[in-house]
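Please read it with the model open.

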Amino acid sequence: MTNPVEELLDVVDAQDRVIGTATRPEVYRDGLIHRCVFILVRDPQGRIFTHRRSDTKLFAPSAYDCFVGGVVASGESYAEAAVREAEEELGVSGIEPRPLFKFLFSDGDRLTWFCDMYEAVWDGPVSPQVEEVGWHDWLTEEELAGRMAEWHFVPDGLEAWQRYRAFRSA
């Protein structure tokens with residue numbers, strides 16, 4: 001795992017074209033548009049891998065999320081990042097994320113990134129990275145909806161979940 005402070009990311013324009021590179025801290029500090037992947041991972045029973053982010057994360061420490069994923073490294077494709085991030089965060093090998101859709105997230109202030117959405121089914125044990133995940137469980141959609149009303153979830157994950165539900169019902 002690369003140190004997040006040293007990680008080099010592609011900076012993109014509003015059409016998702018690469019216009020430069022910067023480190024992760026520079027991207028967040030300067031509000032530069034970059035790329036991320038989100039993978040909704042279900043078990044064979046349809047339950048969703050849900051976790052609390054570690055308290056050392058640069059963005060939204062200790063917040064909950066129902067997606068694994070993260071930033072796309074400079075020169076990496078969205079699809080490559082989806083596999084790498086899912087395998088890293090879950091501590092597995094051989095996962096096959098299926099692409100769904102992409103959207104531009106903005107926190108309404110100064111943080112903006114493209115979110116490429118995937119989903120995958122994992123039938124096996126997981127061993128999440130302690131650097132990334134402080135707690136995890138498999139929740140039904142009903143349980144997840146209840147937790148979203150009670151717990152502090154990452155803002156981009158909440159928007160991604162709403163868009164995922166709309167996508168599925170379309």
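**Notes on the model**

1. Start with Glu 89. Leaving out residues up to four places away in sequence, Glu 89 touches His 51, Val 68, Gly 69, Pro 128, Gln 129, Glu 132 and Val 133. Contact here means heavy atoms within 4.5 Å. Glu 89 belongs to helix α2. Helices (H or I, at least four residues) and strands (E, at least two) are DSSP runs, numbered from the N terminus.

2. A word on the source. This is a predicted model, where local features need pLDDT of at least 70 and side-chain atom pairs count only at pLDDT 80 or more, while totals for chains, interfaces and linings use all residues. Residues are numbered from 1 along each chain as its sequence is written, and side-chain values use heavy atoms, with hydrogens and water left out.

3. Is Glu 89 buried or exposed? Glu 89 counts as buried, because its relative accessibility is 3%. The cut-offs are under 20% relative accessible area for buried, over 50% for exposed, and partly exposed in between (1.4 Å probe, protein chains only). Gly 69 is 20 residues away from Glu 89 in sequence, yet their C-alpha atoms are 7.4 Å apart. A polar atom of the Glu 89 side chain lies 3.3 Å from the backbone nitrogen of Gly 69.

4. Now strand β3. Nine of its nine residues are buried. In a regular strand, side chains alternate between the two faces of the sheet. In β3 both faces are covered. One side carries His 34, Cys 36, Phe 38, Leu 40 and Arg 42. The other carries Arg 35, Val 37, Ile 39 and Val 41.

5. Which strands pair with β3? Strands β3 and β8 run parallel and are joined by nine bridges. Val 41 has Ala 120 of β8 as its bridge partner. Strand β6 (residues 68-71) runs antiparallel to β3, with four bridges between them. There, Ile 39 stands opposite Val 68. Pairing requires that DSSP finds at least two bridges between two strands.

6. Asp 116 deserves a look. Asp 116 sits in strand β8 (residues 112-121). Asp 116 is buried but has no salt bridge. The nearest side chain of opposite charge is Lys 102, 5.8 Å away. Lys and Arg count as positive, Asp and Glu as negative; His and the chain ends are not counted. The Asp 116 side chain does make a polar contact of 2.8 Å with the side chain of Tyr 118. A polar contact is a pair of N or O atoms within 3.5 Å; within protein, one must be able to donate a hydrogen and the other to accept it, and residues adjacent in sequence count only if both atoms are side-chain atoms. Beyond four places in sequence, Asp 116 touches Cys 36, Val 37, Phe 38, Tyr 78, Phe 101 and Lys 102.

7. How many salt bridges does the whole structure hold? The search finds 13. Each is a side-chain nitrogen of Lys or Arg within 4 Å of a carboxyl oxygen of Asp or Glu. One joins Arg 42 and Glu 141 at 2.7 Å, N to O. Arg 42 is in β3 (residues 34-42) and Glu 141 in helix α3 (residues 141-150), so this pair ties together parts 99 residues apart in sequence. At 13% relative accessibility, Arg 42 counts as buried.

8. Glu 141 also meets Arg 168 in a salt bridge of 2.6 Å, N to O. Arg 168 lies in helix α4 (residues 155-169), so its pairing with Glu 141 of α3 links parts 27 residues apart in sequence. Arg 168 is partly exposed, at 41% relative accessible area. Elsewhere, salt bridges that share partners join Glu 76, Arg 84, Glu 85 and Glu 88 into one network.

9. Last, the core. The largest nonpolar core has 32 residues; Phe 38, Cys 66, Phe 67, Trp 113, Met 117, Leu 144 and Trp 161 touch the most other members. Such a core is a set of buried Ala, Val, Leu, Ile, Met, Phe, Trp, Tyr and Cys residues joined through side-chain atoms within 4.5 Å. β7 gives the largest share, four residues. Another core lies apart from it, with 21 residues, among them Ile 33, Val 41, Val 72 and Phe 114.
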